[in-house]
Amino acid sequence: MTGRARARGRLPRQAHALPAVGDAPVQQGVTGQLRGRRQPQQQPQQQLQQPQQQLQQLHVPPAQSQEPGGHGHLPGYEGVLQESRPKGFSGKMIKLTTNHFRLTSRPQWALYQYHVGYSPEMEARRLRSALLFQHEETIGRTHAFDGCILFLPKKLDNKVTELFSRTRNGEDVKITVTLTNELPPTSPTCLQFYNIIFRRLLKMLNLQQIGRNYYNPSDPVSIPNHRLMVWLGFTSSILQYEENIMLCADVSHKVLREETVLDTMHSIHSQVGEERFRDTCAKELIGLIVLTKYNNRTYRIDDIDWDNNPKGTFRKSDGSEMSFVEYYKKQYNIEISDWMQPVLISQMKRRRGNIQGPVALIPELCSLTGLTDKMRSDFNMMKDLAIHTRLPPEQRQRELGRLLTYIQKDDNVQKELRNWGLSFDYKSVSFTGRVVQGEKIFQSGTMFDYNPQFADWTKETRGVPLIRAVPMDSWLLIYTRRNYDVANTLLQSLFKVTPSMGIRMNKPNMIEVDDRTETYLRVLQQRVTPDTNIVVCILSSSRKDKYDAIKKYLCTDCPIPSQCVLARTLSKPQTIMTVATKIALQMNCKMGGELWSVEIPLKQVMIVGIDCYHDTVSGKQSIAGFVASLNQPVTRWFSRCVVQSRGQELVDGIKACLQTALRNWSKWNKCLPSRIFVYRDGVGDGQLNTLVNYEVPQFLDCLKSIGTDYSPRLTVIVVKKRVGARFFAEIGGGLRNPPPGTVVDTVVTRPEWYDFFIVSQTVKNGCVAPTHYNVVYDTSQLKPDHVQRLTYKLCHMYYNWSGIIRVPAPCQYAHKLAFLVGQSIHREPNLMLSDRLYYL
C-alpha cells in the first residue's frame, strides 16, 4: 500500500546486522522499527563553509548509547520483526466512542480486477458506467466500477474482452475490458474494492458524489438571508486498523451559493461598468472553487478566456473538433442560453485517457461554492451557517446513525452487500482513551494552573510580568488623518496595559499619512532607522495590496518588525483594552520577547517545525516555512523560508535550513543539541514514503556533515490536521467532546505505523477534531508516553493565543511564516529577522 511509513511483522531480508543510522544502539532482543521502505543512497556530503568549522570546535554531546527501549531505524531493511506495538500508559482513563464501524464479514473468494477503456474517450463517469452496464449478460449483475477499474467476483472467458455500445445520440463506442489482477481475499487492494462498494451503496441511496464525498441534493438546507444552500453529506473510508478492517464515516457539508458565475459577472458589470469589468471579474473570480452540477465535480477558476465563447470549438481526443454548445447538448443534454459569455479556464489536469491540459468551463453552468473572505467576516452569516454545519457530538452521531439505518433497511443495498459477502457492525466502536495531566504555565517566576475545560490562561496571567519584555524606546505609529482619534485611543490603551507586563514604552514618533500605498512606503523609507524597535501601521481597510507592500518592505528591504492594525478593530470602546493587550503581547513577540513557558524535561533538545504554503500568485511557487527552537525552555525561535518550484510539497532546502539552525543553536547554548524533534506538517499519507526516503536522508546527511562524532537522536513526526476520525466522551449517558489532553493510540491507529491522536484544544460549538501524529523516524529511545507528552506540551507554546492550540507551536509558527511569505512577500525574508516571531 502507498503511504506506508513503517513495515512490521516481516523478517529482514539480510541475515547480518547493520549499524543503526545515528549510531543508535539496537538490542538483540528487539529489532528497531523501520519507518519507510529502503532508503536511497545517501547524497554526497556538501562541504560547509566557515560555520561548519565553528560547529566542530564546539562541545558535541556524546551519544547516549545505554538508554533502553529504542525504536531505531535500520537502513536497507525492507521489513522488521516487531514484538509489540508501542503504546502509552500515563493519564486518566476515559471511555470514548468513535465514528468507526467494524467490517464483520468480507468475501472469502478471489476478486478479479479489470481495466476498462473507451474508444472514443468518454469523459462523463455516468456515461461510462451506463455504456458498460449495457453488457450485464457478459460481466454479470454483481460488479463494482469506479469509472476506470472494474471488480468482478468471476473471471471472464478472455483476458481481453471487447464490447460495443451505443449512446443515446447514436454514437458507437468500443469498450475494452482487460484483466489486470487476480486478488486473493487477503490482498491490500481489496480495501480499494471495499471503498468502491461502499461508495456504490451511497449512490444507491440517491446521494450525489461531489469530489470524494457524497451529498444529498434532494434535502438541501436553505439560508435565504444570505443566498446560501447547504447540502448534508458524508465522508467515508475503509482501512485496515489495529485489529480490524473498519469503516470511518463522518458528516460533511457542502456550502453552495444560489448564483452561478454568470450571475456574478452580470452583478459585477452593473456595479463597475464596462471599463473595469474584466479586471474586476479576474480579481473576484480567479481562485474560486465552482461546482458543475452536470457531473458534480468541483474546479478551481485559474483564468478567464475573454476571446472565447460557447460557440468556440475544442479538439476531442479522436482529433475531431466540436463546439461547446454541441458538446454539452450531446454529452449532458444541456442547452447553453448565453452564447456570448466568456469561457473559464481551470488548470486541473484531466486524468482520463490521454487527454491533458486545462479544462474549459461555461460560466452559466458553474455554481459558486464555499465562502469569500468578505462572507467569512460577516458575523451574522457565519453564525447562521454554524447552526447547520457545526453539529454537537450527539447530533453528529445521530446523522451517522440515520445513514447506517438507511443502509440497514434498504433491500437493494442489503442485496448488494450479500452479493459481495460484505457486512458491517452498525454500532460504532467504543474503547478506552487516556487524558494526560494538564500543564503548569510559568511566567516570570510565577506558576499558574488553568481550567482544563477552557484550555485558556488569559485571566490567570493577566497583570503578571512577561518572561522577557523588550523595551519600546524608539518606535513609529503611522495613521491616516481620519484615524487620528483611533491612533490616540490605541496609544493611551497601550500605555495602560504595558506597565503590568514589564514593557517599558516611550511615546512613539506619530506620523500622519495619506491613505495611499506609495505614501506609506515613502514614510517608511524616510523615517525608519536601524534603532527603530517596531513600526505600527493603522490601516483604514483590509486592502491586501497596501498590507503586502508594507510587509514586503519591512521584511526584506528594511528588516524591522511591524504591526498592522485595522482601524475598525479599535473602534469598539468596550473591547479596546482587550485588543490593546493582545497587540502589546504580539508586538513584544515580534521584537524578540518571551511570554510564558511550560516545563520541558528533556535537556539539550531542539524542536523543529516545517510546513508548506502554495503561492498561487507569484508563479505558483511553494513556500516551505522552517522554524527551530533556540533555547532550553523553547521560548525563542529561529526561522527561515525556502522558496520552492511550482507545486512541490516536499522540501528541498531542509539541509541548509537545519545547518543554519544548528549554527544558531550553538551560539545560544555553546554546544550542539543531543536530541532533535522534527514536526512535519502538510504531508498526506501517500507522501509518507517519499518523506522517509527523501527528506529524512537530508536531515541525516546534514547531521553527518557537522562532524563524524556528532550523533544526536532524531525523531521525525508527521502532523496531520485533516483527519476523518472523531472521538466522543461517554459522560452521564450522553456524548460530549473529550477534554483537552485526550490521547488515543489503540484500536483506530494503523498497524503499519507508530501513530497516535491527541485532542489538545477545546471548541465552543460543534465537535472537536483530533490531530494525528505519525512517528516516521525515531532514534530517540523515548517511551511513547514521553513523545506524546512532549507533543502536548508544545501545543501550549504558541504565543499568538494564550491557550492550547490544535498543533505543536513550531508547526503553527512554520505555517504563519510560510503563509506570510506566500501571501504577501513572495521572496525569502531578511535573515536579520530570523530570531524573532515577526510573522505573527
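**Exercise 1. Work out what share of the chain's residues is buried, and how the chain is built overall.**

Solution. Start with burial: 54% of the 840 residues are buried, where buried means under 20% relative accessible area, exposed over 50%, and partly exposed in between (1.4 Å probe, protein chains only). Keep in mind that this is a predicted model, in which local features need pLDDT of at least 70 and side-chain atom pairs count only at pLDDT 80 or more, while totals for chains, interfaces and linings use all residues. Residues are numbered from 1 along each chain as its sequence is written, and side-chain values use heavy atoms, with hydrogens and water left out.

Next, the surface. The chain has an accessible surface of about 37,600 Å², calculated by the Shrake-Rupley method with a 1.4 Å probe. Carbon and sulfur atoms own 48% of that surface.

Last, the contacts (heavy atoms within 4.5 Å). Of those with a separation of 6 or more, 73% link residues 24 or more positions apart.

**Exercise 2. Describe how α14 packs against α15.**

Solution. Two packed helices are described by the angle between their axes and the distance between the axes. Find α14 at residues 517-527 and α15 at residues 544-557. Their axes sit 9 Å apart at an angle of about 20°; axes are lines fitted to C-alpha atoms, for helices over the stretch in contact, and angles run from 0 to 180 degrees between N-to-C directions. The two helices are therefore roughly parallel, going by these cut-offs: under 35 degrees is roughly parallel, over 145 roughly antiparallel, 65 to 115 roughly perpendicular, and the rest oblique.

Then look at who touches whom. On the α14 side you'll see Thr517, Tyr520, Leu521, Leu524 and Gln525. Facing them from α15 are Asp545, Lys546, Ala549, Ile550, Tyr553 and Leu554. Sorted by type, the contact has seven nonpolar, two polar and two charged residues (Ala, Val, Leu, Ile, Met, Phe, Trp, Tyr, Cys and Pro are nonpolar, Asp, Glu, Lys and Arg charged, and the others, Gly among them, polar).

**Exercise 3. Which residues are joined by a cis peptide bond, and which residues other than glycine have a positive phi?**

Solution. First, the background: most residues other than glycine have a negative phi, and most peptide bonds are trans. The cis bond joins Ser119 and Pro120, with omega about 0°. Pro120 is in the loop between β3 and α2.

For positive phi, check Ala455, at about 50°, in the loop between β24 and α12. Ala455 is buried, at 2% relative accessibility. Then go to Val634, where phi is near 60°. Val634 is in the loop between β30 and β31, and is buried at 0%.

Key: Helices (H or I, at least four residues) and strands (E, at least two) are DSSP runs, numbered from the N terminus.
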